[in-house]
Amino acid sequence: MIQRHILIFIISVLIQFTAYSQKPELEQEQDSIKTKVSYGFRLGIDISKPIISFLQENTKGFELTGDLRFSNNYYAAAELGYEDVLKTEDYLNYSTKGSFIKLGVNYNAYENWKGMNNQIYIGGRYAFSFFEHTLNSYTPNASGTYFIANPIEAGTNFKDLNAHWLEFVFGMKIETLPNLYLGTQLSLKKMIATKEPKNFKNLYIPGFNRVFSNNLGVGFNYTVSYNIPIINKYK
Amino acid sequence: MKKYFTLIVLSLTLVLSCEKDDICLENTTPNLILKFYDFEKDTIVKKVLIDSIKAIDNAIIEGYTKKTLDSILIPLDLNEFKTVYKISSGGKSDTIYFSYGRNDVFVSRSCGYKTIFENLKIDSFTNNWIKSYNINNTTINNDTTAHINIYH
C-alpha cells in the first residue's frame with residue numbers, strides 16, 4: 001500500500017518533469033512588454049483516490065482541492081474530501097468512513113520565468129475530520145495455542161468521532177495546458193487531538209490516513225486542477 | 001528546494017521504517033494462576049509434584065509433566081464461560097470446574113483485543129489430593145499474581 005503510493009508519487013513527478021520541459025517557449029514575450037500575472041482561483045480534483053478505489057476493493061474516496069493566490073508568492077489553500085475504507089489488521093477488521101477539510105497557506109518557492117506559472121511550494125494546513133468506525137470482526141488475542149479463540153462478528157459501531165491536526169505540505173504544480181495544472185503534494189501530519197471511541201482506537205482517520213503510534217501521519221495527492229483567472233496584473 | 005526534499009524523504013523514512021505498533025508487545029489475554037499451599041499451615045507454600053494437567057477434551061499441557069512446582073499458569077477457554085481441568089499429582093487426579101464471565105478489552109492495533117475474565121468461580125472440585133481452595137481475585141486481568149490458592 002505505502003510502496004504503491006511511493007511508486008505513484010515517483011511516476012507522477014517524472015510525468016510532470018517531462019510535461020514541464022515542453023513549456024518554456026509557449027508564451028514568450030519581449031522584455032520591454034509587461035508580463036501578465038494572473039491572480040485566480042484554482043480548483044482541482046485528486047485523481048489518485050479514484051484510481052486507488054478502482055484497484056482496491058472496499059475503498060472509496062474523493063478529494064477536491066482549491067487555492068487562491070492572494071499575493072505574489074502566497075496562496076490560500078484548501079482540501080475537502082470523503083473516504084470510506086476497510087482495513088484489516090492481524091486480530092481485527094474494521095471500516096472507517098467520514099469527511100475532512102483542510103485549510104492553510106502555500107508559499108511558492110519557485111522562481112518562474114516570465115509568463116510561466118509553475119510552483120514548487122511548501123505550506124501548512126489545519127485539518128478537521130469527522131468520521132465513524134465499524135468494528136466488523138475481531139479475534140481475542142491469547143498467546144499459546146492450547147485454546148484457539150473463535151473470531152467474533154462484532155459489528156460494533158463507533159459514531160460521532162472527530163479529530164484535528166496540523167500538516168506540513170510539500171508539492172508542485174505544473175501548468176501543462178493554459179490554465180490546466182498537474183500537481184502532486186506530500187504531507188506530514190501531526191495530530192492535535194482526537195475524540196477516541198470507547199474500547200477501540202482511531203487507527204485510521206479520513207484525511208489523516210493511518211494513525212501511527214507517535215500520532216504522526218503521511219499522505220499524498222495527485223491533482224488535476226483548472227485555474228479560473230480573476231484579476232490579471234501586469235508587471 | 002533540494003534541502004526540503006531531503007528533509008521530507010528523511011522524515012518519511014523515519015515515520016515509516018520502525019513502527020512499534022506493527023508488532024504486538026503488550027500483554028494479551030492473561031492466564032489463570034494457581035498457587036499451592038499447605039492445608040495444615042495455610043500460609044506456607046507447599047510444592048506439588050505434577051504428573052499432568054489437561055483440560056477436559058484437550059491435550060496434556062506441555063511443560064507440566066513430572067514437575068515439582070509451587071504454582072501453575074493455565075489458560076482458560078476463550079470461547080466458553082467454563083473450563084474444566086484435570087490435575088494429576090502423585091498418582092491421584094482431581095477435577096476442577098471453573099466458571100467465569102468474559103470481557104474483551106482493546107489493547108492496540110497489532111495486539112487487537114484481549115479477554116479479561118470476571119466473576120471467577122470454582123463450581124465444584126473433587127478432593128483426592130486437593131483439600132480446599134481460596135479465590136484471591138475474581139478478576140483475571142494480569143499474569144503476575146496468583147488468582148486462586150489451592151490447599152493440599
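# Briefing on a predicted two-chain model

Read along its sequence, chain A follows the pattern α-β-α-β-β-β-β-β-β-β-β-β, which comes to two helices and ten strands. The model is predicted, and every value below is computed from it. Of the 235 residues in chain A, buried residues make up 31%. Where contacts in chain A join residues at least 6 apart in sequence, 64% of them link residues at least 24 apart.

**Nonpolar cores**

- The largest nonpolar core holds 21 residues, and the members that touch the most others are Leu32(B), Leu34(B), Ile53(B), Leu76(B) and Ile150(B).
- At least two residues of this core come from each of the following strands of chain B: E1 (32-37), E2 (48-55), E5 (82-89), E6 (92-108) and E9 (148-151). Among the contributors, E1(B) gives the most, with five residues.
- Apart from this core lies another one, of ten residues, which includes Phe100(A), Phe131(A), Trp165(A) and Ile205(A).
- Leaving aside residues up to four places away in sequence, Ile53(B) touches Ile60(B), Ile61(B), Tyr64(B), Ile72(B), Ile74(B), Tyr85(B) and Ile87(B).
- As general background, nonpolar side chains tend to be buried together in soluble globular proteins.

**The open sheet of chain B**

- Five strands of chain B form an open sheet in the order E3-E2-E5-E6-E7, and their pairing is antiparallel.
- Strand E3 (67-69) and E7 of chain B stand at the edges with a single partner strand each, so that one side of each is left without a neighbour in the sheet.
- From one strand to the next, the twist of this sheet averages 45°.
- At one end of the strand order, E2(B) and E3(B) run antiparallel and are joined by three bridges; within this pair, Ile50(B) stands opposite Lys67(B), a residue of E3(B).

**Contacts between the chains**

- In the contact between the two chains, 30 residues of chain A meet 29 residues of chain B.
- On the side of chain A that touches chain B, strand E5 (119-138), strand E7 (180-194) and strand E10 (216-234) of chain A each supply at least two residues.

- Asn179(A) counts as partly exposed because 15 other C-beta atoms lie within 10 Å, whereas a residue is called buried at 20 or more and exposed at 12 or fewer.
- Asn119(B), likewise not a glycine, has a positive phi of about 50°, but the position of Asn119(B) is within a strand, namely E7 (residues 112-125) of chain B.

Conventions: Residues are numbered from 1 along each chain as its sequence is written. Chains are lettered from A and ligands numbered from 1 in the order in which they are written. This is a predicted model: local features need pLDDT of at least 70, side-chain atom pairs count only at pLDDT 80 or more; totals for chains, interfaces and linings use all residues. A nonpolar core is a set of buried Ala, Val, Leu, Ile, Met, Phe, Trp, Tyr and Cys residues joined through C-beta atoms within 7 Å. Helices (H or I, at least four residues) and strands (E, at least two) are DSSP runs, numbered from the N terminus. Two residues are in contact if their C-beta atoms, placed from the backbone, lie within 7 Å. Two strands pair if DSSP finds at least two bridges between them. Axes are lines fitted to C-alpha atoms, for helices over the stretch in contact, and angles run from 0 to 180 degrees between N-to-C directions.
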